[in-house]
Amino acid sequence: MSNFKFPENFLWGGAIAANQAEGAYLEGGKGLSIVDLLPSGENRRSIMKGNVPGFKPQEEEFYPSHEAIDFYHRYPEDIALFAEMGFKALRVSIAWARIFPSGEDAAANEAGLQFYDNLFDEMLKHGIEPVVTLAHFDVPVNLIEKYGSWRNRKLVNLFETYAKTVFTRYKGKVKYWMTFNEINMLLHLPFLGAGLAFKEGDNVKEIQYQAAHHQLVASALAVKACHEIIPGAMIGCMLAAGSFYPYTCNPEDVFQGMEKDRESYFFIDVQSRGAYPGYAKRFFKDHGLNIVMEPGDADILRNHTVDYIGFSYYSSRTTSTDPEVVKNMTSGNVFGSVANPYLEKSDWGWTIDPKGFRITANQLHDRYQKPLFVVENGLGANDEVGPNGEIHDDYRIDYLKRHVAEMGEALQDGVEIIGYTSWGPIDIVSASSGEMKKRYGYIYVDRDNAGHGELKRIKKKSFHWYKKVIASGGADL
Ligand code: BGP
């Protein structure tokens, strides 16, 4: 399959997030973060949507982020394994509450800053470029209790302070940055995306778009600070991408597909083009939403747009206006997609659509005319360990192979893509389910859903496959 060689400087690698890998949730002076309040099990989804019972972990519940895979202590071993695969880049996130435990401390927490210094040094030692997300589903809990999180304007300046602190500290080490992970998640899982907890009588839509406005201004201020503090740095946005297909050619379906895409593009239109699009203004008006914007916000948004478009791609989405189709073809994802009869699904019901990856990349490029960075892609699956510790994850290789091939096609279509960091190169906690058994890694981690296991790292078959892909510049899939 494919002999296309990717550009020499293409950033091959993997991506993880602090809360899904680090563990050590209260070590080194770290404060509580929203993700530390997400138990595994059935309540998780409802909490992620904003029905938050309390702001302290409950004794009887199991919280996977509290230990995760103990990357906090084991990162040298893990990074050595990434280096063995030939990684050029590793995407990680900084836990805001490691740097500012309450989100509004007078001074930054030195132990937290030192941890990331060590982490970046370890990557650089192996020639691995750090790609750093400022907020990957991470808000200090104190800011939720005290201010209601991103619904409050106060968060804008607190986030700006945090961003400036880490830019200043890591300016000699980190060139690639990203502001908010999957910023559009705020509309689907508002507690996970923005720490929004709701109570009876709340105007949920208005709160969400007000919080979105605050994140968009905070993102632009972070872009401004990054450009001022680190000349030559690149800072991007991050979209949970995956284009919507109309279920039929009925114009009603086609129109709905366009609207659903815009629900997500809205964020990137502001971050990349620098202004609220007309369709968003109409949406606010039609729904009677009063979004408070300060004088000066429009200038901030216009003057500090992102350098590249980071995005995750797991699957395409499909939409229908026919109630019968909607009723019979629901799909288990948060984006409200109906099932697409042409496509297969993963063990977790996620649609698999490599061609959709090429379509999405082309659409993003057509729309924004900026470099793209694929910062997440992969297959969550249940791996079996054989009697001699071997893991034959051919299904994962197959998924990745087909996606990398389509990415090569997109490059040949003229789409500029600067890198590919597949999701969870080492098994980590699943964000949506809190499970450990939903694995994405090239490296297996011996830990189960209840938190048992020795945390031993084992190379899977895909480890050797990805190593070969990187060594051949994508030509040998
Ligand atoms: C994205 C998130 C990641 C992540 C990934 C896979 O939405 O940015 O944090 O985990 O999806 O999802 P999951 O872990 O639920 O399988």
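Begin by selecting strand S9 (residues 372-376) and strand S10 (residues 417-423), which pair in the parallel sense over three bridges. Strands here are DSSP runs (E, at least two residues), helices are runs of H or I of at least four, and both are numbered from the N terminus; two strands count as paired if DSSP finds at least two bridges between them. The structure is a predicted model, in which local features need pLDDT of at least 70, side-chain atom pairs count only at pLDDT 80 or more, and totals for chains, interfaces and linings use all residues. Residues are numbered from 1 along each chain as its sequence is written.

Within this pair, Phe373 stands opposite Gly419 in S10. Contact requires C-beta atoms, placed from the backbone, within 7 Å. Axes are lines fitted to C-alpha atoms, for helices over the stretch in contact, and angles run from 0 to 180 degrees between N-to-C directions.

Next, display the whole barrel. Eight strands close it in the order S1-S2-S3-S4-S5-S7-S9-S10, with parallel pairing. From one strand to the next, the twist averages 30 degrees.

Move to strand S5 (residues 234-241), where seven of the eight residues are buried. Buried denotes 20 or more other C-beta atoms within 10 Å of the residue's own, exposed 12 or fewer, and partly exposed the range in between, with C-beta atoms placed from the backbone. S5 pairs in the parallel sense with strand S4 (residues 176-180) over three bridges, and Tyr176 stands opposite Met234 in S5. Six bridges join S5 to strand S7 (residues 308-313), also in parallel; there Leu239 faces Phe311 in S7.

From Leu239, step to Tyr265, which is 26 residues away in sequence and 8.2 Å away in space, C-alpha to C-alpha. Tyr265 lies in helix H10 (residues 251-273). Why is Tyr265 classed as buried? Tyr265 has 24 other C-beta atoms within 10 Å.

Finally, select helix H16 (residues 461-471), in which Ser462, Phe463, Trp465, Tyr466 and Val469 are buried. These residues cover an arc of only 165 degrees around the axis, which puts them on the same side of H16; the arc is that of the directions from the helix axis to the C-beta atoms. The buried residues of H16 pack against helix H3 (71-85), helix H15 (394-412), strand S11 (443-445) and strand S12 (457-459). Just after H16, Gly473 takes a positive phi of about 60 degrees.

Notes: Contact = placed C-beta atoms within 7 Å.
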